[in-house]
Amino acid sequence: MLSPADLVTIPLDDWMNAFVRGWLVPNFRPFFRAAQVPVSNVLNTLNAFLLWVPMLVTTAAFTLAALRWAGVGTAIFTLLGFAFIDMIGYWPETMTTLAMIVTSVLFCALIGVPLGIFAARSDTAWKITRPVLDIMQTIPSFVYLVPIVMLFGVGMTPGIIATIIFAIPPIVRLTNLGIRGVRHDLIEAAQSFGSTRWQMLWDLQLPMAMRTILAGLNQTLMLALSMVVIAALIGAGGLGLVVNTGLGRLNVGEATSGGVGIVILAIVLDRITQGMGEKGLGVGPSLARLLGGVFRTRPLPDQKTPG
Amino acid sequence: MHPKLSVRHLFKIFGARSEEALERLAQGQSKEEILRETGAAVGVQDANFEVAEGEIFVVMGLSGSGKSTLVRMLNGLIPPTSGKICIDGEDVASCGAARLQAIRREKIAMVFQHFALFPHWTIAENVAYGLKIKGIPAAERRAKALETLDQVGLRPWADARPPQLSGGMQQRVGLARALATGPQVLLMDEPFGALDPLIRREMQDELVTLQKTLKKTIVFITHDLNEALLLGNRIAIMRDGRFVQVGAPQDIVGHPADDYVSAFVGDIDRGRVFRAGDIARPPQSVQVDASHADVLDFMMRSGRTAVYALDNGRIAGVLCHEDLVGTTVAIRDHLKPFARTRPEVKLHELYPLAARGLPIAVVDDNDTLSGVVELDDLFACLAGTDSRPAPAHPPVTAHQQTERLDAQPG
Ligand SMILES: Nc1ncnc2c1ncn2[C@@H]1O[C@H](COP(=O)(O)OP(=O)(O)O)[C@@H](O)[C@H]1O
Ligand SMILES: [Mg+2]
């Protein structure tokens with residue numbers, strides 16, 4: 001049978017090699033190195049901090065956050081789940097994974113929210129942004145790894161960068177959606193009083209879009225979690241590494257333990273951020289009251305220094 | 001007097017082929033034809049009007065007639081396709097973005113049909129919004145917001161949030177928000193359209209009361225002719241983006257420009273539109289020391305059965321024909337007590353006075369007779385079969401509308 005390959009062959013692999021190795025890497029290496037610096041700084045600081053904070057304090061903080069935003073059920077789950085992770089001996093790995101996720105989500109928000117705002121400003125901006133996001137979401141996450149390794153090398157930071165690229169689309173999309181969804185007559189009202197675009201953004205659009213943006217943040221967080229194992233393939237550590245090593249050595253127990261840790265972390269983070277989206281971020285007085293209530297479970301006179 | 005707001009040859013065409021649509025309009029094509037053939041929607045075509053300082057100018061029309069488009073062009077929310085909009089002589093349509101922003105901050109404010117309050121802010125913060133935009137410090141703008149809330153009777157609600165308030169209260173907040181920056185021009189796009197009839201009535205009365213002290217220049221949009229007649233110093237009737245008639249309420253109801261306006265005006269309570277001064281006849285009176293014969297002769301010539309008698313310029317009373325015939329008693333002893341009213345009083349308030357069956361005296365500030373309301377004129381006017389001579393200012397048709405600036409009731 002005749003096939004097109006008999007007539008023409010396209011050496012795509014050679015071309016890509018030439019493009020990436022011959023041009024992109026030599027010319028832009030300083031840029032890619034520099035781009036890693038803020039990411040790796042944040043990651044290392046956060047990782048060191050989370051490993052330094054005693055397990056009980058971290059658990060208490062997450063339990064309280066769960067109580068504030070997600071209810072008693074999630075709070076109990078958080079308490080038991082974190083204790084379980086500690087007991088199976090993967091607490092440090094879990095904290096490293098948490099540091100990776102928080103770093104990724106932080107950068108996703110720092111880049112994604114402004115990008116979403118930009119996309120919401122004009123239909124042209126959205127027409128440019130949208131196909132890029134579509135492509136980012138259709139490329140399988142594995143395929144990201146190749147160019148990332150080429151450009152950034154292997155290690156923790158390239159893993160985070162892959163995660164950021166993979167997880168950023170929802171927050172851009174939902175920021176755009178949230179800002180475009182602000183009632184038209186409210187926009188008109190703001191305009192009619194002579195507000196500037198920035199004033200409108202701060203006073204009206206961002207507060208009104210906050211729920212939607214937080215829903216986007218939640219989705220971004222979940223995508224980041226789903227990258228944990230894949231990012232470990234290119235040298236990122238944490239629970240993903242545990243799962244990968246377990247698989248590599250056919251050590252089912254180790255792989256399962258890592259997996260269980262990821263699942264517990266995922267559930268806790270999902271519930272808390274979802275609650276933030278639904279109830280709003282409002283930290284103010286109610287959190288203070290809650291903390292006060294927690295520390296005052298015993299009659300005050302008995303205890304001079306609470307906690 | 002220089003008009004506060006003046007609009008000249010204002011057009012708005014929605015859609016890409018607006019130039020072509022303008023030409024077709026000039027050739028006399030209709031809105032529907034243009035939409036079918038070019039896909040361009042005609043929002044407003046050739047609007048011309050002026051609003052004097054302190055006047056309420058009402059634009060009335062059915063849904064889709066272009067009212068919202070028109071009012072949004074006045075503060076630049078919708079850029080006009082062509083034409084001029086001058087506030088204090090300055091063209092809003094061509095003044096540039098920075099200047100437009102300044103005009104919006106200083107001179108002109110808007111009230112919206114669905115209130116458009118910011119749900120994430122308190123009432124006081126909402127009212128202070130225009131001041132915040134201008135960069136006024138927080139304490140000062142809160143003080144001003146509370147003061148303005150006082151004017152609309154909502155000060156106790158300053159720290160509530162919009163969803164906690166009823167519709168009528170929310171629109172009071174909308175009004176307070178517009179008033180807080182001290183604008184000279186208020187644009188109101190069907191502000192009471194979303195309210196229950198009773199509340200709407202209350203808000204209309206309140207606006208009339210407020211306007212007595214505020215004296216803002218108001219462009220008020222409505223689809224309710226009764227509302228237009230109640231509030232408007234002048235009214236423009238709009239249809240398919242065009243003004244069909246512009247005039248005082250009495251002109252619109254008394255002399256509708258075409259069948260379209262007539263159809264609207266048909267079931268209006270005319271007693272609430274016309275005023276004593278509109279139907280009063282010039283005062284023809286006799287002196288109280290005239291002779292029987294002279295008075296009867298006068299009645300005969302003027303065709304009236306009851307006339308007013310004056311005593312040194314003051315009204316002495318009414319003389320009736322049937323009392324005078326066949327007696328020789330002095331005229332002075334036939335005088336009957338009379339009812340007096342003022343020219344601006346609406347006809348429906350005259351009904352109790354009319355029950356006496358005698359003509360009603362219309363008096364001016366010095367209590368001297370300035371006119372007489374004959375009962376048959378009253379009924380003719382209410383019935384819409386008014387046969388008196390046309391008013392001093394003929395009603396305006398669409399073609400002459402721009403020339404009208406006069407005939408403002410005080
Ligand atoms: N943004 C727009 N694009 C196209 N057509 C519009 C737009 N806004 C209004 N129109 C058209 O302009 C006409 C007048 O609309 P509008 O001013 O909202 O009327 P009203 O306020 O009297 O109900 C309508 O025929 C409407 O379809
Ligand atoms: Mg409208």
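This is a predicted model: local features need pLDDT of at least 70, side-chain atom pairs count only at pLDDT 80 or more; totals for chains, interfaces and linings use all residues.

Domain 1 covers residues 51-274 of chain B, and domain 2 covers residues 277-383. Where the two meet, 6 residues of domain 1 of chain B are in contact with 8 residues of domain 2 of chain B.

The largest pocket belongs to this setting. Because domain 1 and domain 2 of chain B both contribute residues to its lining, the largest pocket lies between them. The space within the largest pocket amounts to about 1,100 Å³. Its lining is formed by 34 residues, and the closest to the centre of the pocket are B:Val208, B:Leu230, B:Leu231, B:Gly232 and B:Asn233.

Three elements of chain B each supply two or more residues to this lining: helix H9 (197-214), helix H10 (225-231) and helix H11 (249-254). Of the elements, H9(B) gives the most, with 6 residues. Sorted by class, the lining of the largest pocket comprises 14 charged, 10 polar and 10 nonpolar residues.

In one of them, helix H2 (residues 12-52) of chain A meets helix H8 (residues 156-167) of chain A; their axes come within 10 Å and cross at roughly 105°. H2(A) is therefore roughly perpendicular to H8(A). On the side of H2(A), the contact is made by A:Gln36, A:Val39, A:Ser40 and A:Leu43, while H8(A) takes part through A:Met156, A:Thr157, A:Pro158, A:Ile160 and A:Ile161. The residues of this contact between H2(A) and H8(A) comprise 6 nonpolar and 3 polar, with no charged residue.

In the other, helix H5 (residues 91-121) of chain A packs with helix H13 (residues 239-248) of chain A, the axes being 7 Å apart and the angle about 120°. At that angle, H5(A) is therefore oblique to H13(A). The residues that make the contact are A:Glu93, A:Thr94 and A:Thr97 from H5(A), together with A:Leu239, A:Gly240 and A:Val242 from H13(A). By class, the contact of H5(A) with H13(A) has 3 polar, 2 nonpolar and 1 charged residues.

Definitions and conventions:
Residues are numbered from 1 along each chain as its sequence is written. Chains are lettered from A and ligands numbered from 1 in the order in which they are written. Side-chain values use heavy atoms; hydrogens and water are left out. Axes are lines fitted to C-alpha atoms, for helices over the stretch in contact, and angles run from 0 to 180 degrees between N-to-C directions. Helices (H or I, at least four residues) and strands (E, at least two) are DSSP runs, numbered from the N terminus. Angles under 35 degrees count as roughly parallel, over 145 as roughly antiparallel, 65 to 115 as roughly perpendicular and the rest as oblique. Contact means heavy atoms within 4.5 Å. Ala, Val, Leu, Ile, Met, Phe, Trp, Tyr, Cys and Pro count as nonpolar, Asp, Glu, Lys and Arg as charged, and the others, Gly among them, as polar. On a 1 Å grid over the protein atoms alone, a cavity is a set of points where a 1.4 Å probe fits but cannot get out, and a pocket is an open set with protein on both sides within 12 Å along at least five of seven lines; lining residues have an atom within 4 Å of a point. Grid points are joined across faces, edges and corners, and a volume is the space filled by probe spheres set on the points. Domain bounds come from an automatic or database domain assignment.
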